[in-house]
Amino acid sequence: MANALDEKAEHDDALAGLNLTTKTGLARVEAPLEPLQSDIAKPPSPARKAQVARELARLLPEGAVLWRDEDLRPYECDGLSAFRQLPMVVVMPLNEAQVIEVLRCCHRLEVPVVARGAGTGLSGGAMPHASGVVLSLARLNKILHLDPHARLARVQPGVRNLAISEAAAPFGLYYAPDPSSQIACTIGGNVAENSGGVHCLKYGLTVHNVMRVRAISIEGEVLEFGSEALDSPGLDVLAALIGSEGMLAVVTEVSVRLIPKPQLARVVMASFDDVIKAGEAVAMIIAEGIIPAGLEMMDQKTAEAVEPFVQAGYDLKAQAILLAESDGTPEEVAEEIARIEAVLEKAGATAMKVSASEGERLRFWSGRKNAFPAAGRISPDYYCMDGTIPRKHLGNMLRDIAAMEEKYALRCMNVFHAGDGNLHPLILFDANDPDQWHRAELFGADILERCVDYGGTVTGEHGVGIEKINSMCVQFSPSERAAFFAFKRAFDALGLLNPGKAIPTLARCAEYGKMHVHRGALSHPNLERF
C-alpha cells in the first residue's frame, strides 16, 4: 500500500515541508473552533493525503485503511443523501486500542475526525470532512456483557439497536428506545444523536436509558461518563455527551438499562376527519393524566403511502390517524384502554379499533415505522424534518404546514411522535429539479422556525449536523453559542472532532440571516436575534 500511496505523493520534500496547521484549514484555540461549510469541502493535497494514509496504515491491519475514491464513495454521506462529500481517508479499527492509536495520530497531524456508525442519521452529522478521516466504528460490534439480574447490557458502539433487545429477550428484558431505523442503526449513533422512537413518551430517549459511556478524547485519553451504579463521582456530564454528535469524544462502550417486557400491550387506532381535532386529542389524553407507552399521529397522505405495503388496516378516508398504546398487566391495560377510548370519543374520533392480538398490534405500528421509506412510493425524494413543539400547538402547527404546502407548491406527509410534540414532516420533492430542492429547503427552514415561534426547538432526535446548523442561529443567541464552543473546547481544543457541525459561528449566522425564512417569508434578520 505504501508504494501505491507514494505514487500519489507529489514528492518527498513536499511532505517534509508540509505545514500541518495551515494545510488542515483549522483555526487555533483563540479563534472560533468551527470552520464554515466551505472549509469542510476543501480537498487535501495529494501529498497530505498520502502522508495521513501511510501514518494510519502503520497502526491498523491490512484492509482497515481506505483511501481510493471508489472505496471512499460509500462513506460520502449519511441518511441525508442530499449533502455529499468524499473523505480523505476512512479507517475501520477492530478494537478500542486501535481507536486510541488512530485518534492520537490524527491529533498529532491535526487531522479532522468524523466518527461514523451505520450511517442512518438524517441530519448530515456523519458527512465527512474533505481533509479529514472518517472513523468507522462498525467493526466494534460485540455485546460485551449482559446482566439480567442488574438489568443492564454493556455493548460496543457498532452493535445494532435491535440486537440488544434480541439478546435480552430470553431473560424477558428489552432495550426501550426504538427509532424507526432500529433494525440497522447502532447504539453509538443513538448516543451521538440522543435517539428516541415511538415509545419514548413513556420510556424516554437514549439519555434516559444509558447509564455509562466509555469514550476516547481526540488526544487518545480514555474517559468515563456516568456509572453502572446509581451514582458516580465528579461532575455529571453524561447527558452532555449524549446528543453531542461526536464533537466531544469517540464512544467505544455503552452500558444501557434493560427493562422487563410488559405482560400485555394493546393499541387503540383512532380515525379523525380533521387534523386539528387529532392534534387536540393528543393534548387531551395527556391532560387526563394518561401516559401511553406510545402516542403517534399520521395524516392521510402518510396512511395512503404505507397501507398498500404494510396492510395495517388504516382508515384511508380519515384525515388523521392516532395510535395510542397501553402496556402493563392485563388489568392495567384494560383500564387504561377504556380511559383512552373515552377521551378519543370526546375529542371527536370518527372510528376506533383496538388491537386484538400481538400480531395486529405490530401491524398497526409497522405502518408508522415504515412511513419514511413508504414516502418513496409517491415521490422521487423526501426531506425529513425534525422539530419539537409544545403538544398544545400540534393542531396549529398542522394548519401552518398545510399553508406552507400551498406557499412552496410541495406536498408534505406528516408523521409525529405526537405524545412529546416531536414532528417529522416529510417534504416531498424531486431532487432532479434544482428549484424543487431549493423550495424544499425553504419549506424545511420555515417549519423549524415556526417550531421556535411556538416555544419549541429545531431538533428532537435527529440531531443538528449540517442540516439544521443555520436554524440554530434562530434559536440560540451569540452568548449561548459561545458557551457551546467553550464546552467543546474543554474536550477538543483544536476543533478536530466533527468540525463544522451542530454549532454555527457568528459569521455563519450573519450569512444565513441575509436570506433566512421567518414567519413564512424571506426577509432580512432582526439583528438583535443574533
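In what order do the 5 strands of the open sheet lie? The views below answer this for a predicted model, in which local features need pLDDT of at least 70, side-chain atom pairs count only at pLDDT 80 or more, and totals for chains, interfaces and linings use all residues. Residues are numbered from 1 along each chain as its sequence is written, and side-chain values use heavy atoms, with hydrogens and water left out.

**View 1. The open sheet runs S5-S6-S10-S8-S9, with antiparallel pairing.** Strands are DSSP runs of E, at least two residues, numbered from the N terminus. Two strands pair if DSSP finds at least two bridges between them. Strand S5 (143-147) and strand S9 (222-226) are the edges, each pairing on one side only. Neighbouring strands are turned by 10° against each other on average, direction ignored.

**View 2. S6 pairs with S10, and H8 packs on the sheet.** Strand S6 (residues 152-155) and strand S10 (residues 250-257) are antiparallel over 4 bridges. Val155 stands opposite Val254 in S10. Helix H8 (residues 161-168) touches S5, S6 and S10; contact means heavy atoms within 4.5 Å. The direction of H8 makes about 45° with that of S5. Axes are lines fitted to C-alpha atoms, for helices over the stretch in contact, and angles run from 0 to 180 degrees between N-to-C directions.

**View 3. Helix H21 (residues 506-513) has buried residues.** Helices are DSSP runs of H or I, at least four residues. Arg508, Cys509, Tyr512 and Gly513 are buried (under 20% relative accessible area, 1.4 Å probe, protein chains only). Seen down the axis of H21, these residues fall within an arc of 135°, so they line one face of the helix. The arc is that of the directions from the helix axis to the C-beta atoms.

Conventions:
Buried < 20%, exposed > 50% of the residue type's maximum accessible area, 1.4 Å probe, protein only.
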